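Visitor: I am new to this structure and would like to learn how to read it. Could you show it to me and walk me through some features?

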Amino acid sequence: MRPRHPHRGDRGGHHPRERTPEPAPTAAVPQSGDPALTLLHRIATADPTDLDDYRAHGGYTALRRAFDIGPAAVIREVTDAGLVGRGGAAFPTGRKWQATASQPDHPHYLVCNADESEPGTFKDRVLMEGDPFALVEAMTIAAYATGAHHGYLYLRGEYPRATAHMEHAITQARSRGLLGDDILGQGYAFDLEIRRGAGAYICGEETALFNSIEGYRGEPRTKPPSPWRRACSASRP
Ligand SMILES: Cc1cc2nc3c(=O)[nH]c(=O)nc-3n(C[C@H](O)[C@H](O)[C@H](O)COP(=O)(O)O)c2cc1C
């Protein structure tokens, strides 16, 4: 009898999906290059693998400005700008940062939720694939404002290209003094690591995500305490 799937298990053959090249990250932003774009303005105009190109397109001017004005003023600017979270709840970012910065318990951690498992959602993917240094810089600014010296990027496991681009960007930033013990010679220390999700949708919920980072089962925690008050810790909450 003929096998129903002649290529499966055949070392010489390939699954048809493996032969289909992934579309370029820019394909997700048909309006790329439009001067009206703000968040996406570097997609397709800057090389996502080249730190110098990122800087030539305005990269790291925001972090320099953050160091110039100090953490409190950064939080004030973010609050005044009316920035809200994109995780679904539209929580005011400035309020979250202020609450974290004023927590007397240390260390503070910065956690970036890039689990992005919502069907049909791909904004995080576009940014990580097309402008990964921007996320490294943004996390550094958020860490500086909130007094964190260590960050986690919780990245959806099914995003191999985003993972590769982020790993590359982090390594580049580290090698050029944009992550590490003395960022831009300002005496501020911050570094970040990637933690890959294993495909569980629930791990995008922020407290389940913390459990996952800590190596526990990815289940939501009871609140309070709020996530900004008690997130990742050496011991179970
Ligand atoms: C089941 C579930 C899945 C979620 N998945 C994600 C996700 O993939 N990415 C995300 O940013 N937020 C997700 N959230 C929301 C997070 O709990 C949290 O509100 C968000 O990370 C806060 O981000 P913000 O500061 O951008 O608002 C999820 C929430 C639930 C209940």
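Visitor: Let us begin with strand 1. Is strand 1 enclosed or open, and why?

Guide: To judge a strand, look at how many of its residues are buried. This is a predicted model, and in it five of the seven residues of strand 1 are buried, so strand 1 is largely enclosed by the rest of the structure.

Visitor: Which strand pairs with strand 1, and in which sense?

Guide: Look for bridges between two strands and for their direction. Strand 2 (residues 148-155) pairs with strand 1 in the parallel sense, over seven bridges. For a place to start, find His108: it stands opposite Ala148 in strand 2.

Visitor: How many helices and strands does the protein chain have?

Guide: The protein chain holds nine helices and three strands. Following the sequence, you read the pattern α-α-α-α-α-β-α-α-β-α-β-α. Of the 237 residues in the protein chain, 34% are buried.

Visitor: Now the helices. Which residues of helix 4 are buried?

Guide: For a helix, pick out the buried residues and then look down the axis. In helix 4 (71-81), the buried residues are Val74, Ile75 and Val78. They fall within an arc of 95° seen down the axis, so they line one face of helix 4. Ala72 and Asp80, on the other side of helix 4, are exposed.

Visitor: What covers the buried residues of helix 4?

Guide: The cover includes helix 3 (61-69), helix 5 and helix 7.

Visitor: Let me try the next one. Which residues of helix 5 are buried?

Guide: Helix 5 spans residues 93-101, and its buried residues are Gly94, Lys96, Trp97 and Thr100. These residues lie on the same side of helix 5, because the arc they cover around the axis is only 160°. Among the elements covering them are helix 4, strand 1 (108-114) and helix 7 (132-146).

Visitor: Which residues touch the most other members of the largest nonpolar core?

Guide: To read a core, find the members with the most partners inside it. The largest nonpolar core has 46 residues, and those touching the most other members are Val136, Met139, Leu153, Tyr154, Met166, Ala173 and Leu179. Helix 7 supplies the largest share of this core, with 10 residues.

Visitor: Could we look at one of these more carefully? Where is Met139 found, and is Met139 buried or exposed?

Guide: Met139 is found in helix 7. Met139 counts as buried because 21 other C-beta atoms lie within 10 Å, where the cut-off for buried is 20 or more. Leaving out residues up to four places away in sequence, Met139 touches Leu110, Cys112, Gly151 and Leu192. Met139 and Phe190 are 51 residues apart in sequence, and their C-alpha atoms are 9.4 Å apart in space.

Visitor: And what does Tyr154 touch?

Guide: With residues up to four places away in sequence not counted, the contacts of Tyr154 are Val111, Cys112, Asn113, Ala114, Asp115, Arg195, Gly197, Leu209 and Ile213.

Visitor: What should I look for in the backbone angles?

Guide: Most residues other than glycine have a negative phi, and most peptide bonds are trans. Here, Ala44 has a positive phi near 80°. Ala44 sits in the loop between helix 1 (16-19) and helix 2 (51-56), and is buried, with 21 other C-beta atoms within 10 Å. Glu116 is not a glycine either, yet its phi is positive, about 35°. You will find Glu116 in the loop between strand 1 and helix 6 (123-130), and Glu116 counts as buried because it has 20 C-beta neighbours inside 10 Å.

Visitor: Which peptide bond is cis?

Guide: The bond from His106 to Pro107 is cis, with omega near 5°. Pro107 belongs to the loop between helix 5 and strand 1.

Visitor: Finally, which residues come nearest to the ligand?

Guide: Start with the residues around the ligand, then sort them by class. There are 16 around it, and Gly85, Gly87, Asn113, Gly204 and Glu205 come nearest. By class, this shell has four nonpolar, six polar and six charged residues.

Note on methods
Residues numbered from 1 in each chain as written. Predicted model: local features only at pLDDT ≥ 70, side-chain atom pairs only at ≥ 80, totals over all residues. Near = placed C-beta within 6 Å. Nonpolar A, V, L, I, M, F, W, Y, C, P; charged D, E, K, R; others polar. Buried ≥ 20, exposed ≤ 12 C-beta atoms within 10 Å, placed from the backbone. Helix = DSSP H or I, 4+ residues; strand = E, 2+ residues; numbered from the N terminus. Arc of directions from axis to C-beta. Contact = placed C-beta atoms within 7 Å. Core = buried A, V, L, I, M, F, W, Y, C linked by C-beta atoms within 7 Å. Pairing = 2+ DSSP bridges.
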